[in-house]
Amino acid sequence: MSGGSVFASHAYLPQGWTDQVRLHWNAHGDLTQVETGVQPQTGETQAVWLVPGMTNLHSHAFQRAMAGMTEIAGDRQDSFWTWRDLMYRYALVITPEQIQAIAAQLYSECLRHGYTGVCEFHYLHRDPAGQFYANPAEMAERVIAAARQTGIGMTMLPVLYSYADFLEQPLRTDQRRFATTVDDILTLLTALERQRDAQTEIGLAPHSLRATTTEQIRTVLQTLPAHRPVHIHIAEQMKEVDACVAATGKRPVQLLLDSGMLDQRWCLVHATHMTPEEVRGVASSGAVAGICTSTEGNLGDGFFDLPGYLAAGGRFGIGSDSHVSQSPVEELRWLEYGQRLRLQGRNIAASTTQKHVGDSLWHAALQGGAQAGARRVGQLRSTYRADFLILDDAHPNLAGLPAQDVFNTWMFAGNDNLVRDVVVGGKTLVQQGRHIAQDEIQRAYVDCMRVLRGR
Ligand SMILES: [Zn+2]
């Protein structure tokens, strides 16, 4: 593949909306030059509205297969924990071929809605009987293969999952596919190292403080190169917070802060239930909060303290987690709406320097997502990846719109997908709203789902 260029009447550059822009990239898919104040040339690719693509900082790809299947009331009070029992049933049957088909469908959907990279929090390591495959990284490599099939950028985070609960409770039998010791995770990290390339980074995900200990995390971090990301689920549910206090005398975020490990390489997924002191502690650590609004809403987790966290200078990104939504717009819209409902106010994510809520949310999530994925993305700037979206300028919502209203209109006016074309690493993956391999990917997914649903 050779390099390329695109002209945009309006592009969202690091300094904000800029007119008459031309982006150039090389054969590796890295931007080499960003020209401004230029004129379009005949025959070149042209866009009206061009914006950087979003990183989806939290995904469990296999859960795409059960989206919409758990919205039926059970015999007892439904909760995150009853949902988890159903999720385990799916997790126990999925084969390597099936996880690849499911992940490819998911990633093609993510691309079509504006995600250009994904952080995969991957814990389906072992076979359904609980044994490692001949290649211990078989399942993770299938997920990476799906990312390559679709073209989305990938940060693979193999999960360390050793215990069922605080105080090192042994795993349940239905958690056997996740079972990993410190030695297992070191084996997986070594095996995955050869997958690293311009589109693929490898990090680590201690599942939670329920499933790992701070001592285990510290041991693995000693061998992980310094710039690699570390993601952890934390304080998603009050039951988890209460169990942590009972076991350790501390809330989970406090426990992690006190460990002295927290810094910019960390992504705290959810971090829903924090005290004001914890909010300030996470913000000042430089870590990213991984907010997954649609899943948190679906599972009844609670509200993240967005205004408190932003006031403390906290960084955040967004993730689709259980994949009840594949749209960054929906994720950000509901992040803002949740806060409005909670606080009975409006325009919560605006700031004194950025009064447009949509711009403020997209910009913050771009930076937080890029940091959490540990890849050079999220900015249309030389040496960064050529990952961008071209919006559908023929859509009536964008007709005659000034640039400063584009994000707000995209985020808060209706549900049409305004993403027309998607380019990742300089390669066009979505054209006129369709992924370039959509038919083939969808066929494999449909076949897989018929088997999984027994039809
Ligand atoms: Zn998760």
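Which residues form one aromatic cluster? Tyr12, Trp17, Trp49, Trp362, Phe407 and Trp410 do. The model described here is a predicted one.

**Aromatic pairs**

A pair of aromatic rings is described by the distance of the centres and the angle of the planes. In this structure the count of aromatic pairs comes to 17. Phe304 and Tyr309 form one of them, and this pair is edge-to-face. Phe304 counts as buried because its relative accessibility is 3%, under the limit of 20%. Tyr309, at 0% relative accessibility, counts as buried as well. Another pair is that of Trp362 and Trp410, which is tilted because its planes stand at 40°, between the limits of 30 and 60 degrees. This pair links distant parts of the chain, with Trp362 in helix H12 (residues 357–373) and Trp410 in helix H13 (residues 406–412), 48 residues apart. Both Trp362 and Trp410 are buried. The values for the two pairs are set out below.

| Pair | Centre to centre | Angle between planes | Type |
|---|---|---|---|
| Phe304 and Tyr309 | 5.1 Å | 80° | edge-to-face |
| Trp362 and Trp410 | 4.7 Å | 40° | tilted |

**Charges over rings**

Some rings have a charged side chain over the face. Lys239 lies over the face of Trp81, at 4.5 Å from the ring centre. Over the ring of Tyr384 sits the charged end of Arg376, 4.4 Å from the centre of that ring.

**The zinc ion**

Which residues are the protein donors of the zinc ion? They are His58 (NE2), His60 (NE2), His233 (NE2) and Asp321 (OD), lying 2.1 to 2.8 Å from the ion. His60 and His233 are both buried.

Gln254 is found in helix H7 (residues 252–259). Is Gln254 buried or exposed? Its relative accessibility is 19%, which is under 20%, so Gln254 counts as buried. Leaving aside neighbours within four places in sequence, Gln254 is in contact with Glu277 and Glu278.

Glu278 is one of the buried residues of helix H8 (residues 276–285). Val279, Gly281, Val282, Ala283 and Ser285 in that helix are buried too. The elements that cover the buried residues of H8 include H7, strand E11 (266–270) and helix H10 (306–311). Just after H8 comes Gly286, which takes a positive phi of about 85°.

Methods:
Residues numbered from 1 in each chain as written. Predicted model: local features only at pLDDT ≥ 70, side-chain atom pairs only at ≥ 80, totals over all residues. Heavy atoms only, no water. Helix = DSSP H or I, 4+ residues; strand = E, 2+ residues; numbered from the N terminus. Buried < 20%, exposed > 50% of the residue type's maximum accessible area, 1.4 Å probe, protein only. Contact = heavy atoms within 4.5 Å. Phe/Tyr/Trp six-rings, centres within 6.5 Å; stacked < 30°, edge-to-face > 60°. Lys NZ or Arg CZ within 6 Å of the ring centre and 35° of its normal. Donors = N, O, S within 2.8 Å, 3.2 Å for Na, K, Ca; no water.
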